[in-house]
Amino acid sequence: MMREAAESDERVCDAALARAFDFLGKRWSGVLLGTLLAGPAGFSELKRALSGISDSMLSERLSELRRAGLVERRVDEGPPVAVTYELTAAGLALLPALRELATWAMENLPA
């Protein structure tokens, strides 16, 4: 009888965890956040750091991260005008999780 109950229970991923991986699992999002953990950076600096990302993809990911409240865009009117991106408090709150993921990857995934 207990086995029947166990077989009828559905396994369901935690909804919050599923949302996190859906969002952070998009190509470039996680590494972009990881890059910004080193501090504010301009668009060109981010593009150089993320070898292979196109301008349009970088712009799209930065916009998504801004809408999610993880990244802030700052404009220094200059001259010259300078735009930098930096993590918000919510973005910085990901630091422990990103460090744990990096440690796990070093210990468990082939290079």
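Helices H3 and H5 are roughly perpendicular to each other, since "roughly perpendicular" covers angles of 65 to 115 degrees, while under 35 counts as roughly parallel, over 145 as roughly antiparallel and the rest as oblique. Their packing angle is about 75 degrees, and their axes lie 10 Å apart. Axes here are lines fitted to C-alpha atoms, for helices over the stretch in contact, and angles run from 0 to 180 degrees between N-to-C directions.

Contact means heavy atoms within 4.5 Å. Sort the residues of this H3–H5 contact by type and you get five nonpolar, one polar and two charged. For that sorting, Ala, Val, Leu, Ile, Met, Phe, Trp, Tyr, Cys and Pro count as nonpolar, Asp, Glu, Lys and Arg as charged, and the others, Gly among them, as polar.

## Where this comes from

You're looking at a predicted model, where local features need pLDDT of at least 70 and side-chain atom pairs count only at pLDDT 80 or more, while totals for chains, interfaces and linings use all residues. Residues are numbered from 1 along each chain as its sequence is written, and side-chain values use heavy atoms, with hydrogens and water left out.

## A walk around H5

H5 runs over residues 55–67, so it has 13 residues, and from its first C-alpha to its last it reaches 18 Å, close to the 18 Å expected at 1.5 Å a residue. That expected span is 1.5 Å times one less than the number of residues. The helix and strand labels come from DSSP runs (helices are H or I with at least four residues, strands are E with at least two), numbered from the N terminus.

Which residues of H5 are buried? They are Leu58, Arg61, Leu62, Glu64 and Leu65. They cover an arc of only 160 degrees around the axis, which puts them on the same side of H5; the arc is taken from the directions from the helix axis to the C-beta atoms. Buried means under 20% relative accessible area, exposed means over 50%, and partly exposed is in between (1.4 Å probe, protein chains only).

## Arg66 and the end of H5

Arg66 also sits in H5, and at 40% relative accessibility it counts as partly exposed. Skip its neighbours within four places in sequence, and Arg66 is in contact with Val71, Arg73 and Tyr85. Arg66 and Leu87 are 21 residues apart along the chain, and their C-alpha atoms are separated by 9.1 Å. Just after H5, Gly69 takes a positive phi of about 80 degrees.

## Some spots beyond H5

Trp28 sits in the loop between H2 and H3. Its phi is near 85 degrees, a positive value in a residue other than glycine. Is Trp28 buried or exposed? Trp28 is buried, with a relative accessible area of 15%.

Ala38 belongs to the loop between H3 and strand S1 (41–42), and it's exposed, at a relative accessible area of 75%. Ala38 and Leu92 are 54 residues apart in sequence, yet 10 Å apart in space, C-alpha to C-alpha. Over in H2 there's Arg19, which counts as exposed at 59% relative accessibility.
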